[in-house]
Amino acid sequence: MAAGGRPLGRRGKAIAWIALVTLTIAIGLLPYLIHVGAPTDGLTLATARFIQTGENTERVVSLPHRWTPENLFELTTGTYRLAFRLETVPDEPLFIFIPAARHQVETWVNGQRADPVPDTAWPTPTSGYSFLARIPRGTLHAGDNELVVRQTRKVGWLPGRLSEVSIGTADQVMPAYRLSDFLIEEIRAMTFALHIALTIGIATIWITRRHDAVFGWLATLSVTSILVVLTQAPQHALGPVDQFRSIALTPAVGLMAIGMALAIAGLPRPKWLVPAVVLLPLALLLLGQTGTVPFAIVGLVSACFLAAAYFVASAILAHRFAREENWDAAIMMGPCALTGWFALHDVLVVTGIHDAPFLHAPYARTLLLLAITVVLMGRLARSLNSLDNANETLRQQLAAQEWELVLMHEKEKIHANRMVREEERRRLMRDLHDGMSGHLVTIIALAEREGERGKDIEQAARAALDDLRLVVHSLDLGDGDLGVALAAFRERLEPQMRRLGIDLHWSTEKLPAVTGVTPQNALSVLRILQEAVTNAIRHGAARKLSIQGQTAPDGQALLCVFNDVHGTALQDRSNIGNGLRNMHRRARELGGHIEFLVTENAATLRLSFPPHLPGLQ
């Protein structure tokens, strides 16, 4: 998968392979491209007379020169005598600079020892290092001079080697020495510090994630590698047993690399792998210590096994990347291949098949540690992204659940209110029907028997009955039922207007949809209309009555009650003062207002209220 989680496709995969292979080859060739050579403006000595411990005569050799002792564990030395001539002795100090030397180096100029520049603990004489020494004042003289360089092999299996030797001032030799100091000392110091920090981090993660095989193999590999580095530390004069223990651990590191590759690739671990990590070093140590197999053969087998194991690990990772686009496998594939290549290079150097100033295996550790760091950071980033995604998913699910609960609560509340209202409405309807309604019907019947004397009683009783029906019907209204309430009001109003001989015109189609309707605010609207109609009949002696619903320019709902005025009763506002005050109060409860306009032949009442009534806010 690509970094974003999408497949690369055939073309993208080809580009990724080309980039990975090119980068790996470029890093593999880098040690051959970076060369710490002799300064170009100093005195360079390329010929010497050489004699080795156990030999009787010196021989002339060309530098760089490599020599091999007969016994690997014998304290042997190789001595180089280099002659050089100075026309004049400069006033400023001169230095001896050897770009690449192997094993311990000491120098004498005209029989007096040159003071070496103090080195840190990081250069490993057996792996190759740069040597710098200051020539004491008064040692040199014009004419012929002699420089003696002695290499001492304390223990080990590497051939001795000496590069060309340079003599020059600080300005001439220091740039090359600083470059070698960075490549040999600083990089190794940074690598060791990174190794320690990374090992602590990986071990900590593995303690808390014991189920993750990747961290288990990385922790084991890191700890074992540190042990190998510590046993090879240059501060210690290692004997054969110490060095052999270091060599015996080397195959274990290779097996751990295979285990790490299998874990990254997500492949099952062979049952024999873990026992082999322990038993193989013990077997090599036993064979070497008993003398069954010569030390050189054991060391050579260990180094070859390490190189082969890293090549196998690289092949496993490459196969997994090719099949599943596993980027952790791709990142580790190159460093594993380079580690195998650098180990093979060092085997060729040790066996004398290939000559090189430095061993490359220590630098493979730097590449591996950097790759492991990238993999760990990538895994951490993916874990954090997964955690963020999981948190976001949970947050969305929680929000959805909360919203569902809110909706369920609202529905339950509405249902409960509806049930309470329905029960109350039924109770009121029963009580009013059985009680008040029956009494009013009886009053109307008795008034009809009285003829003209009971006409006023009959009208009052009918008005009371209509008002009672208005109240009872409002109890059955819900949100959005204002149109239903107005239609019911019209049905009750039309028979009354016909009896009174009043022409009724009704039009509420243009009234906007009104929400938030409750029995209370619906009753307020109907009460205002009822009061307006009553005033038109009683005080305006109306012959024509018009009720219209409209949408005001500001979006408000608008109900207009218009009647033609006959007589002078309406001119006296005191007759309708109480009714208007009640209508204004009800209109304010609706969030609206009332306008009452009177002309010579007409009266208009305008009720304006918002399309969303405040009952549900």
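Reader: What makes Arg 81 and Glu 58 a salt bridge?

Author: This is a predicted model, and in it the side chains of Arg 81 and Glu 58 come to 3.0 Å, N to O. The cut-off is within 4 Å, so the pair counts as a salt bridge.

Reader: Okay, and which parts does that pair tie together?

Author: Arg 81 sits in strand S5 (residues 76-86), while Glu 58 is in the loop between strand S2 (47-52) and strand S3 (59-62), so the pair ties together parts that are 23 residues apart in sequence.

Reader: Why is Arg 81 called partly exposed?

Author: Look at its relative accessibility: 29%. Buried means under 20% and exposed means over 50%, so Arg 81 lands in between. Glu 58, at 32%, is partly exposed too.

Reader: How do you know that Asp 212 and Arg 379 form a salt bridge?

Author: Their side chains meet at 3.4 Å, N to O, and the limit is 4 Å, so they qualify. Asp 212 is in the loop between helix H2 (170-208) and helix H3 (213-231), and Arg 379 is in helix H8 (residues 361-449), 167 residues apart.

Reader: What else does Arg 379 pair with?

Author: Asp 328, with the closest N and O atoms 3.5 Å apart. That one links helix H7 (residues 327-350) to helix H8, with the two residues 51 apart.

Methods
Residues are numbered from 1 along each chain as its sequence is written. This is a predicted model: local features need pLDDT of at least 70, side-chain atom pairs count only at pLDDT 80 or more; totals for chains, interfaces and linings use all residues. Side-chain values use heavy atoms; hydrogens and water are left out. Helices (H or I, at least four residues) and strands (E, at least two) are DSSP runs, numbered from the N terminus. Buried means under 20% relative accessible area, exposed over 50%, partly exposed in between (1.4 Å probe, protein chains only).
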